[in-house]
Every structure is written in structure tokens, then in C-alpha cells.
Amino acid sequence: MRDWIGIEEVVAITDAGSFAGAARALGTSTSHVSRAVAELEQKLQGELFHRTTRKVGLTDLGRTLVEHFRRLIQDRNEALAWASGDGEPHGELRISCSIALGERFVAPIVRRFAQRFPAMSVTMDLSNRMVDIVAEGYDLAIRTGQLGDPRLTGTRLASRKLILCAAQDYIERRGAPQSIAALADFDCLVGSAQTWRFRDQGRDIAYRPSGRWRCNSGVAVLDAMLAGMGICQLPEFYLKGHMGKELVELLPQHRVADEPIWGAYSRRRHLTPKLRHILAQLAEELGPALETDCRA
């Protein structure tokens with residue numbers, strides 16, 4: 001196990017802020033910690049820490065490696081727990097999800113998961129940015145559509161409908177488009193999706209809208225649509241309580257098939273107990289949550 005020498009010590013020093021603090025946390029001597037780090041630095045041909053009489057700080061190499069080391073330790077502990085028959089999820093779980101889907105649907109499910117398994121530490125990053133799951137150290141990302149990244153695999157959790165619509169008063173003023181191509185003559189409201197998806201004569205069509213209102217928040221786009229500013233394609237859950245009242249569906253004959261929602265993770269990561277349990281809970285609860293919200 002000499003390849004592991006120094007890895008736990010580097011993480012402990014980073015967390016404690018000193019070699020002495022790391023030794024106390026690991027239940028060993030400061031000299032052992034120093035030797036382990038020195039051996040690892042020799043193997044790496046580079047220094048991991050800046051050492052002064054007052055403080056210890058990570059070098060650029062140390063900052064690059066420390067989170068990878070932390071992940072290695074977590075994966076090792078999870079693998080050993082799995083091999084020993086302890087299937088109870090524990091350790092850290094990092095999840096990425098878009099803001100609206102995360103706030104309204106995924107976060108409550110993950111919160112219940114954390115309550116079920118008190119040995120888990122959960123971090124949720126809600127952002128419309130497409131994170132690099134592998135490079136940034138996420139365990140799981142909730143994605144819609146096609147995964148598109150050959151490094152990832154996934155479990156289908158649910159699906160969502162995409163609906164093209166506009167406010168009733170906008171239709172009364174401007175009329176309704178009769179074809180996909182006719183959308184060019186109308187005011188389009190552009191959200192985080194740069195293309196709208198349709199189905200025409202058995203083929204999937206990608207339409208790139210243009211307009212004078214753009215925002216990466218679906219809520220803001222919905223507000224603009226309700227204010228009569230134009231047409232937009234949004235997931236059905238945004239439209240709760242508005243369809244058939246303020247909003248009218250357009251081009252229903254071209255509605256695309258329901259879009260899959262995936263729990264995506266690295267192909268290189270084995271299905272640890274924490275991933276198995278959170279994927280099972282999301283698969284059980286997310287679909288019904290979306291359906292209930294859309295019917296309300």
C-alpha cells in the first residue's frame with residue numbers, strides 16, 4: 001500500500017492547517033506526517049506545501065491534487081464498506097442540477113435522502129451552467145435530453161414535456177403561428193435553451209429562435225410571456241396553473257416527444273451505496289412530483 005503513503009496526510013494537513021494538527025487528527029506523530037508528505041513529494045517530483053515558521057499553504061500542485069486525494073480516500077472507504085457488507089450510504093455526495101428543477105423538485109427529494117441517512121454529507125450545486133462532472137468531482141448530475149458525453153452513463157429518472165405557448169392577449173393581438181417556419185414572424189422569448197425542439201413528419205426539428213428578450217431563468221421568461229411579450233417553449237412544470245387560462249399552447253401537432261431526465265455519473269465510478277440509494281429515491285419520487293405539480 002505504499003502508493004497511498006502521504007495522500008491522507010496531505011488532506012489532513014489541508015483541513016487542519018498544520019502538520020501538528022494533521023498528526024492529531026490522524027492519531028500519529030508530526031514526524032510521521034512529515035516523512036509521508038516528503039515521500040509523496042519525492043514521488044511526484046514537486047512540492048505540495050509552502051512551509052514557513054508561521055503557516056503551511058498549498059502550492060499550485062497541491063491545490064490541483066488535494067481534491068483528487070480527497071476523492072480517492074472517499075472512494076476507498078466506500079469500496080471497503082461495500083465489500084464488508086455495510087451497504088449503508090455514508091461519506092460525501094455532490095450533486096449538480098439546474099436551478100428551477102433543483103429548487104422545486106430535486107432538492108426536497110435529496111433533503112429527505114439526507115434525513116434518512118445521517119452519515120451522509122450532501123452538497124447540491126444549483127446552476128444552469130453545464131458542469132464537467134468528471135473534472136469537477138461531482139458524484140451525480142441531473143440532466144435532461146441526451147447525455148452527449150461519452151465519459152458519462154446514466155439512470156433515467158423521469159421525463160418532462162416541452163410546450164410552446166403564448167399569452168392569450170398576445171395571440172389576440174398578433175395571431176398564432178401556423179407552422180414552425182412562421183415563428184420567424186413572431187416575438188420569441190429565449191431562455192436557457194438556445195434551440196426549440198419540434199416533431200414534423202416523423203423527424204425531430206431543432207429551431208433556433210431569435211428575439212429581443214433573453215434570460216437564462218425560466219421563471220423570468222414565463223413572466224415575460226404572461227406580460228404578453230411573445231412566444232416561448234418551456235418545460236411543462238413552469239406553466240403550472242396558467243395553461244388554458246392566461247396561456248395557450250401553440251403548434252400542438254408539432255410537440256416533441258417527452259424529454260428524458262437522467263441521473264448522470266461517470267462511467268468510471270462504480271455504483272456505490274450512496275449512488276444506488278439516491279438514484280433509486282429520485283427514480284421513485286421525481287416523476288410523480290413533476291406530474292402532481294403540472295396537474296395542480
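First, the ground rules. The model is predicted, so local features need pLDDT of at least 70 and side-chain atom pairs count only at pLDDT 80 or more, while totals for chains, interfaces and linings use all residues. Residues are numbered from 1 along each chain as its sequence is written, and side-chain values use heavy atoms, with hydrogens and water left out.

Helices and strands here are DSSP runs, numbered from the N terminus: H or I with at least four residues for helices, E with at least two for strands.

Strands pair if DSSP finds at least two bridges between them. Axes are lines fitted to C-alpha atoms, for helices over the stretch in contact, and angles run from 0 to 180 degrees between N-to-C directions.

Look inside that sheet. Strand 5 (residues 140–144) and strand 14 (residues 259–266) run antiparallel, joined by four bridges. Ile-142 stands opposite Gly-263 in strand 14. Contact means heavy atoms within 4.5 Å.

Five bridges join strand 7 to strand 12. Ile-163 stands opposite Leu-234 in strand 12.

Now the helix pair. Helix 2 (residues 19–26) and helix 3 (residues 30–44) pack at about 105 degrees, with axes 8 Å apart. They are therefore roughly perpendicular. Angles of 65 to 115 degrees count as that; under 35 is roughly parallel, over 145 roughly antiparallel, and the rest oblique. Helix 2 brings Phe-19, Ala-20, Ala-22 and Ala-23; helix 3 brings Thr-30, Val-33, Ser-34 and Val-37. That contact has six nonpolar residues, two polar and no charged. Nonpolar means Ala, Val, Leu, Ile, Met, Phe, Trp, Tyr, Cys and Pro; charged means Asp, Glu, Lys and Arg; the others, Gly among them, are polar.

On a 1 Å grid over the protein atoms alone, a cavity is a set of points where a 1.4 Å probe fits but cannot get out; a pocket is an open set with protein on both sides within 12 Å along at least five of seven lines; lining residues have an atom within 4 Å of a point. Grid points join across faces, edges and corners, and volume is the space filled by probe spheres set on them.

How much space lies in the largest pocket? About 940 Å³. Among its 39 lining residues, Ser-98, Thr-144, Arg-160, Ser-192 and Ala-193 are the closest to its centre. Helix 5 gives the most to the lining, five residues. The largest cavity holds about 40 Å³. Strand 7 (residues 162–167) gives the most there, with three residues.
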